[in-house]
Structure formats: C-alpha cells, structure tokens
Amino acid sequence: MVTHEEEHSTRGRAHMLFEMLQGDGLSGGWRDEHVKEALDLCLACKGCKGDCPVNVDMATYKSEFLSHYYQGRLRPRSSYVMGLIYWWARLASHVPGVVNFFSQTPPLRDVVKMVAGVAPQRQMPFFASQTFKEWFRQRGPRNQGYPKVLLWPDTFNNYFHPETAKAAVEVLEAVGYQVEVPEQSLCCGRPLYDQGMLATAKRLLRQILDTLQPQITAGMPIVGLEPSCVAVFRDEMLNLFPNDEDARRLSKQTFLLSEFLERKVQDYQLPQLRRKALVQGHCHHKAIMRMGAEETVLKKLGLDFEVLDSGCCGMAGIFGFEKAHYDVSIKCGERVLLPAVRNAAKDTLIIADGFSCQEQIAQTTDRRALHLAQVIQMALREGSSEPGREYPEAGFVTQAAHQSPSKLPMAVGMSTGLLLIGAALMWMLRKRKTR
C-alpha cells in the first residue's frame, strides 16, 4: 500500500519463494539476493495469514528464509541490538539511569543510534527506573486463597512500560484473582523471529516450557499483555514444537487480558468509563487472536470507540527503528493511524496494546497510547464521575521519554563518557608514538 510495487505484495513474495524453491530463474537458493530484497519490506505483521483467502503465512516464510540466509554470516547491527533486546534490557536494568543518559542525551544518543543502526529520527526506548518484576517482588502477595493466574512479564512491559503490568495486576486482583509472576527470567523471543534467529528463539521457548511445566500441567491460566508475545504462544510455539503436549497446553492456556476477562471472569461487572476512544489493534492481535474480545470489553466499559482500519502502524517491532526502513515505516503510519490520532479531540482516549504501536504514536504525535489494562484501571479509579479532560493518559503512562536523566546517573554517565574518551585519546597517542 506504500510502495505500490508487486514484489512487495504477498502475491509477489509468494511467487519469488516458489521460484526459489523450484530453481526456476532464481539459482541462489536460500542465499538469493532477489528473494531477500523482496522480503526486506515485509513487516512480518501476519496480516496475510489472517486476511488472505489461502492464509499465506509470509511472516513465517521470512523467518525461515532469513535463518538460512544468515547461517554462518554476520547480520545487520540492528539485529544484534534490537533483536537481542531481552539480554540488553536485562543488563540495562542494573544501571537504567546510566543507559538512559547515553541513549537520550545529545550528542551521545546520536552516536548510540549510529552504532546500533537506528534511524537518527527515532528515539531510543527509555528504560524504567524499576522493572515490573522488582516492583512485584517488593509488593508482596495479595488475594491469597483466591484462584491463581500467571501474569506474563514480557520484555517490553517489564523493562520499559512497567506501569502497564502494574495496571494489569490491579485489574486482575479487582476481579478476584491472586496474581503470580514467574520468578525466573524468561522471554518468548518475539524480536528473534523477525530476524530469523530461530535456533535462539527455540531455546528460549524450551526454557519456558520446562520452567512453567508445573503451571501448565495444573492448567493455570496465563495472561499476556503484549499481543505479539501472546501470538508467539498461540502461533510460533506450535510451529516450532508441533508434537509437544506442553506447547499445545500452553497455547490454550494463554490469553490476552480481554480474552481472559471474557472467558474466565463470569460475574464481575466492569466499571463504566463513558468517553470516546480511538483503538489501534496490533497486527498480531488482529491476525491471530482477533479483536472480538477486546471490542466486547470496551463496550462493557461504556466507551464510545472506533477501531481504526489502519493496518500496521509501521513500527512493526525492529522494522521502524532501522535506518533503511524509516521512510516506509512513517508512510505506513501516515496512511490512517497518525492523522487520526492528531485529529482526535484531546480528551479522546488513544488505546493501543502493542509496544510498537505505542512507540509509533509517542514518537510522531503529542499523544501517548493507553493499554487496555490502563483503561480499565482508569475506570476503576475514576469511573464516569470524572469529567473529561485533555490528555487523559497523563498519570497512567510513563512520561519518562520526555524527561531529562536524573543528576546522579548523568554525573555517572558523564564520568564514564570522559573516561572512555580519555582512554581513546591515550590509545591514539600511544599508537602514534609507536609509528
């Protein structure tokens, strides 16, 4: 819809893959550059799997191709930075202030983006000062004796947007459940699939199946907040472990928050929040889980909402951060989503459950999107008695991306930066003396 080129359509890509496998005109096999070029602008949105009459799963085909293409080869820098975000986020969580100083402060942030292969127009995600799991451990157990539910602490809502997971805890406890969170550090590997890092992704999923085996066997429901991560449990996991009984059980026990409220919570009456809202459905949400449960919950809240017919927001995980894809990413967003957000009244709620969608909105408009968990939290706290106000998301979403790093991390960061610069200068002087 952006390039208007046949090779960037599902049909065009499918033809290229067919010709590659048949050896008909494409002799490069899994290393064929023409196929790689055709797949380069695939957003891995899974829209073709959900909308195509024959359910062509181009996102999976792209993952498989890239896995073969890069076998034994170095990948683009952004693959190692954003594709391995789970490990980088774990490291950054120990010194988030220092990391934010380097990634948010000019001109250091420009150097970081250049090294990472990130578009200079983009803002690097801001690490929270405290992870959700740290907050949850310090908070202690609540609702003991109630039915248990496992809340999945995905990388994005654990390290970047912990307020979303905190809101989900408040909602799940309000409807009569005791929330548990895995003590071990686990990740579904969502960004790895888009980069074709399938072996690494499979190891992470195997770790999840082994660690959560008691909860899986007990039939404990698992609630996920990031649609792309829930899609891993419902889609990619079954592709990688087609004969694993625990994988099949986990796929059936994993729900989005809206699905859980619709299917598992029978008698709870949601509070009313009579406001207008724009809803951006995450691509994987629409393709794999569908939007039915989400819309039902929004109706029960009393919202006057519109689900945008916008397709992909354009960020699409790593895609929109990459320098080579920035222009296409913006053009995708400007089709429907971003103009709709800019033209919405300032007291209208902007709802988007996906981290990518939230980032695209935050980085290109003056609004911040709320997750469904935060919308229900708002209803629990304010309800219909709260008069409409401009920017209703204030107080419910992190505004850290627009704040300056604190003085202590800044001082530490500056000291570290000066030490690095000094070390580099000493190395250059020593090298010059040895010539």
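Tutor: A nonpolar core is a set of buried Ala, Val, Leu, Ile, Met, Phe, Trp, Tyr and Cys residues joined through side-chain atoms within 4.5 Å. The model considered here is predicted.

Student: Which residues of the largest nonpolar core touch the most other members?

Tutor: That core has 42 residues, and Leu-151, Leu-301, Leu-303, Leu-349 and Ile-376 touch the most other members. Among the elements that each supply at least two of its residues are helix 9 (132–139), strand 1 (148–152), strand 5, strand 7 and helix 23 (372–381).

Student: What does Ile-376 touch, not counting residues up to four places away in sequence?

Tutor: Ile-376 touches Val-171, Leu-257, Leu-261, Leu-270, Val-297 and Leu-301. Contact means heavy atoms within 4.5 Å. Another core, of 34 residues, lies apart from the largest one, and includes Leu-192, Ile-208, Leu-209 and Leu-212.

Student: Why is strand 5 called largely enclosed by the rest of the structure?

Tutor: A residue is buried when its relative accessible area is under 20%. Four of the five residues of strand 5 (residues 276–280) are buried, so the strand is largely enclosed.

Student: What makes strand 5 and strand 6 a pair?

Tutor: Two strands pair if DSSP finds at least two bridges between them. Four bridges join strand 5 to strand 6 (residues 304–307), and the two run parallel; Val-279 has Val-307 of strand 6 as its bridge partner.

Student: How many bridges join strand 5 to strand 7?

Tutor: Four bridges join strand 5 to strand 7 (residues 349–352), again in parallel, with Gln-280 opposite Ala-352 of strand 7. Strand 5 therefore meets the requirement of at least two bridges here as well.

Student: How is the lining of the second largest pocket divided into nonpolar, polar and charged residues?

Tutor: The lining has 19 nonpolar residues, one polar and no charged. Ala, Val, Leu, Ile, Met, Phe, Trp, Tyr, Cys and Pro count as nonpolar. The second largest pocket has a volume of about 610 Å³. Of its 20 lining residues, Val-81, Val-99, Ser-103, Val-112 and Met-124 are the closest to its centre. Helix 8 gives the most to this lining, with five residues.

Student: How is the lining of the largest pocket divided?

Tutor: The largest pocket has 21 nonpolar, nine polar and nine charged lining residues. Its volume is about 1,100 Å³. Of the 39 residues that line the largest pocket, Met-1, Leu-43, Cys-45, Gly-47 and Cys-48 lie nearest its centre. Helix 1 (10–22) and helix 20 (326–335) are among the elements that give two or more residues to this lining.

Conventions. Residues numbered from 1 in each chain as written. Predicted model: local features only at pLDDT ≥ 70, side-chain atom pairs only at ≥ 80, totals over all residues. Heavy atoms only, no water. 1 Å grid on protein atoms, 1.4 Å probe; cavity = no way out; pocket = protein on both sides within 12 Å on 5 of 7 lines; lining within 4 Å. Points joined across faces, edges and corners; volume = space filled by probe spheres on them. Buried < 20%, exposed > 50% of the residue type's maximum accessible area, 1.4 Å probe, protein only.
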